[in-house]
Each structure stands twice: as structure tokens, then as C-alpha cells.
Amino acid sequence: MYRYDEFDHAFVRERVSEFADQVARRASGALTEDEFKPLRLMNGVYLQLHAYMLRVAIPYGTFNSRQMRQLAHIARTYDKGYGHFTTRTNIQYNWPALTDLPAILSDLADVEMHAIQTSGNCIRNTTTDVFAGAADDELEDPRPWCEIIRQWSTIHPEFSFLPRKFKIAVVAAEKDRAAIRTHDVGLQIVKGSDGQTAFRVFVGGGQGRLPHIGQEIAPAVPATEILAYLTAILRAWNLLGRRDNIHKARIKILVAAVGMDAFRAEVDKHYATLRHEDLRIPDAEVARIQAYFAPPPFADLPRTSDAFDAAVLADRDFARFSRNNVRRHRQSGYASVIISLKPVGGVPGDITAEQMDAVADLAQRYSFDEIRAAYEQNLVLPHVRLNDTPSLFAALKAIGLSTPNADLLSDVIACPGLDYCSLANARSIPVAQALSKRLADLDYQEKIGPVRINMSGCINACGHHHVGHIGVLGVDRKGEEYYQITVGGSPDEQAALGDIVGKSLPSDEVAPAIQRTLDRYLEIRTDGERFIDTVRRVGPDPFRDAIYEALDATA
């Protein structure tokens, strides 16, 4: 993984010192909250319903055991003993005291971490495939390009005060495991006509109040030119984007308003006038950064493992875990292991300080000291010997992190909702917990197969409900919490927005309604047909009927 250079170390330390002075001025009353707000947002600090919240960056989701232990220390020392992983592969602390924030940021700096550009109208943390460098279908590891984008975008003088926040995701396979079409800019590594690395570029994706799926703007931008092309996109939006209405300021609104052809012409105009020699990425610099992401020293192992096969036969629980949470690796004899942060009745994405310390130990022992944070609010150990997966499973079981539900019904993505967020209309956590308990039967979950359920507490869509196979949106109806259900969304290479299936429901009706939706799927699916494929084949009406016929019968 990438290590800070002298500039990184100096810059982060200077920012900590600067923010410590700003916090002291706020605490003394020398700064009002309105004056403090833009300063704290530049350092990842939000003011939520009950306390400040700190969002810590985990660039492209890759970190190590030393960093995880420091995150545990922060949770234990300055918060309530836990942290919350988000869909942006960051971690949030919901209860830090204002006066503790400088100490937290200093502790983060000790392990090459920070909270810069995790909030505010800037270029946010670039995300990627959680299996980058391990997946057997990728053209190359996309993380070096994420690092190049991070270095280019950090405190970029032209793009530090954009019309709104700006999010970039990068993948390197046909299979999209980072939801690139839901981003302001999505990048897919392809081979150009010369056989060299290039980027297929999507623009104008985003969720929230007015959701859009990103559209292709360029089929193959040469990799050495990608910073120039990103600059042209951001410059076009920065100059033309709306600043008079926060709800219409995202790039998706501009692209939808002017049309892709007109926006492409505007981008091409800026692209032609840039000094490309200043933005071209030297081959030597690409090679230098790629060297940080060289594969670990894998052993020469056979593709199969007798110990793994024996454990599958001997232990039913491990067999289920291996089916659902163990993924094929590009290196013979290895696997990637998903650590679900979705136990039955748990809060999606939450992890205790003790569990963080334990995961750090497991990463050192089993995965070359490497941990990944996933878009799905889970963790991944990317490089585990197949022989070691049974003992790893036993260790995870001992710390309550062995739930074998990756990509199944109870692997719910959910935002913090009204329990924490001042923008939310409704709670997400209790509804996600109720759903997890109702659908806890793993035999039923495996019978249903892969289904992505996403839940948001308001229209800002931090839980990505628009692109859930089943989406749940909390709404306010005359001061009461209700929930709108959608079906047919998808965040992958067939990205789509879900269809609303009817009127909103009270919280206690959500889990039963979703189960009726799933039972209807079992009735009408064909052999081997996934839930999302059934929805695409028959449309939303059968699922709407399943939900509301039962409600109408009891009305």
C-alpha cells in the first residue's frame, strides 16, 4: 500500500495544527458555529443531532493493522467504543467531543491517516473495487490510479470550492464492484487502440433528490491524459454548475440540463486548451506508485486445498461461510475473505474497538497485514491462503464476525438515519435491524440468493436506496416516519434506478412487506433466475401486488 512522502507528512501535520487553533477559537466563543462550519467541514467534521461526527478517510479502502489498531484506540479513547464504516469506504465516529478533535487528528497522522476532504464541496475520497489486486478478472490493479487521483485532487486550488461535493470511483474489470455509474465521474480501465492502459469515462451519475445513472462521455482516454481529462470535466462543471440552489448544484443536474452532447463539447473545449504537458503523468511516476501496490510474496500453492475441502465436509457452518464469504483469488491457493459487519439484529457497518483490534491481528496473521473497507459496509481480508480459511473462520466466530451473509438478504446497506443525522426524516437503523431479524434464517437467505437491500433515512440517499435491488427510503408524513419501497435498482455494470412500488408504509410494516416481495419472487422466478433478473423480466407490478394486497385485506 502507498506510504506518505515528505510532503504528505508535513501537510497533514500542518493541517492538524491549523485546525487545533480553529477548534480552540470555537470553544472559546471567538468563532461562531456559522464561522466554524466551513473550517470543520474541510477537516471531516459534521455537526449531527446529538454531537459532532468525524469522518476519517481510508483512501480506496486499503489500510493495515497498525492503522486499524489506531482506529480502535480512537474509538475506545474518544468515542463510545465503536466506529461505523460507510459506503465511501471511510469510517465515522459519532460521539467525539469538539475539544478532542485535534488530538484525534494527531493520532491519525501518527499512522498516515487523516480526515481531509471527507466532507465539503470538494473532490471526496476516491473509491474502487474492494478486491482490487486480488480479483482474477481485472486488467490491472486500479489502486495506483486512485492514488494518483488522490495526490492530484488533494487541496487542488481550482477545485477546493466546487458547486457541490464530487465523487470518483475506479474499476478495472467488466464487472463493476464499485458502482461507478452512480458517481459524478466513474472510470473503467480498458485497453486503448494502442494496447495501452486507458479509461472509459462515465459522467453525471449520482443519487439523492434527483438521481441519475452516469453516461459514457469518452470510450478510451489514454491513462497518461486522465488528469487532464478530469480537469476538463471539473472545469466545465465548476464554471457552468448552479450555485444558487444546493439541490441543483451537482454535475448530474448540469449534464441532464444541457444534454450529454453539449456537455461533451464543453469538456472537449477545455481539454483542448489545457497545458497537457503540465498534467501528463510521467511513466516513471506511474511506475513508482505502482511499486507500492506490488503483489505480496505469495507462496506457490495448488489451486485446491485438501484442508479447505475437508473443513467444508466436516463443518456445516464453515461450509456456509465458504459459500457466501469466500471469493476466488487470482493467485492459485489463495482467497479473499469477506468479514460481514451485519450480524443478526446488528447495526450495519458498526464494529467495536475490541473487534478492530482482533481484525488487525488476523490481518497480520493471515492476509499480509492488509485490510480493505468495502462499499457494502463490510471488511475484506484480500489475500488469505485457502488452507488458513478454516482457522480464520474460527477466529472470526470467536469475536462475533463470522456471519455468513455476504450479498444475501441480511447484508443490508443502511445510513445512520435519524438516530444521528440532522438531515434525516426517519430512522434507518431500527428498520434494518428488524429486517435482519425477520430474514435471519440462512437457509431462506440462500434459497433467495443474492439480493441487495439498501436503506436511506432521507432523500439524500446515503444508503444508496435508489440502486438497491430492494430500496427503502424514509420519509416524513405529517411528523411520522414512513418508508417508501422500490424494486429493480442496481449499482453494477447494468446500473439502474429502482421503481417505486406504491404508497409509503409505517416502520413495522417494512420487514413484512419485503418478505412478501421475496416470497412472490420465489413463486414467479424461473430456474436459476436471480431476483434482479426476475424484476427486469416481469416489472414491478407483481411485487407491488404482493405488498399491498395483504395490506388492503387487513385495512
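**Exercise 1.** Find the bridge partner of Val45 in strand S2.

*Solution.* In S2, Val45 has Leu54 as its bridge partner. Next, look at the two strands as a whole: S1 and S2 are joined by 3 bridges and run antiparallel. Strands are DSSP runs of E with at least two residues, helices are runs of H or I with at least four, and both are numbered from the N terminus.

*Before going on.* This is a predicted model in which local features need pLDDT of at least 70 and side-chain atom pairs pLDDT 80 or more, while totals for chains, interfaces and linings use all residues. Residues are numbered from 1 along each chain as its sequence is written, and side-chain values use heavy atoms, without hydrogens and water.

**Exercise 2.** State the order of the strands in the open sheet of 5 strands, and say which are the edge strands.

*Solution.* Begin with the order, which is S1-S2-S5-S4-S13, with antiparallel pairing. Two strands pair if DSSP finds at least two bridges between them. Then look for strands that pair on one side only: these are S1 (45–47) and S13 (350–352), the edge strands. Finally, see what packs on the sheet: helix H3 (residues 65–78) touches S2, S4 (82–85) and S5 (91–93). Such a contact means heavy atoms within 4.5 Å.

**Exercise 3.** Classify the aromatic pair of Phe19 and Phe36 as stacked or edge-to-face.

*Solution.* The structure holds 19 aromatic pairs, one of which is this one. Rings of Phe, Tyr and Trp (its six-membered ring) pair with centres within 6.5 Å; planes under 30 degrees apart are stacked, over 60 edge-to-face, the rest tilted. The ring centres of Phe19 and Phe36 are 5.9 Å apart and the planes make 10 degrees, so this pair is stacked. To place the two residues, note that Phe19 belongs to helix H1 (residues 6–28) and Phe36 to helix H2 (residues 33–41), 17 residues apart, so that the pair links distant parts of the chain. Phe19 is buried at a relative accessible area of 0%, and Phe36 also counts as buried at 0%. Buried means under 20% relative accessible area, exposed over 50%, partly exposed in between (1.4 Å probe, protein chains only).

**Exercise 4.** Classify the pair of Phe36 and Tyr52 as stacked or edge-to-face, and say which elements it ties together.

*Solution.* For Phe36 and Tyr52, the centres are 6.5 Å apart and the planes 85 degrees, an edge-to-face pair. Phe36 lies in helix H2 and Tyr52 in strand S2 (residues 52–56), so the pair ties together parts 16 residues apart in sequence. Phe36 and Tyr52 are both buried.

**Exercise 5.** Determine what Gln22 touches beyond four places away in sequence.

*Solution.* First locate the residue: Gln22 is part of helix H1. Next check its accessibility, which is 9%, so Gln22 counts as buried. Leaving out residues up to four places away, Gln22 touches Leu31, Phe36, Leu39 and Asn43. Phe36 is the residue that pairs with Phe19 and with Tyr52.

**Exercise 6.** Name the buried residues of helix H14 (residues 389–398) and find where they sit around the helix.

*Solution.* The buried residues of H14 are Thr389, Leu392, Phe393 and Leu396. Seen down the axis, they fall within an arc of 100 degrees, so they line one face of H14; the arc is taken from the directions from the helix axis to the C-beta atoms. Their packing partners are helix H11 (306–314), helix H12 (316–325), strand S12 (334–339), helix H13 (353–366) and strand S15 (379–385). Phe393 also belongs to an aromatic cluster with Phe308, Phe318 and Phe321. After H14 comes Gly400, with a positive phi near 75 degrees.

Methods:
Axes are lines fitted to C-alpha atoms, for helices over the stretch in contact, and angles run from 0 to 180 degrees between N-to-C directions.
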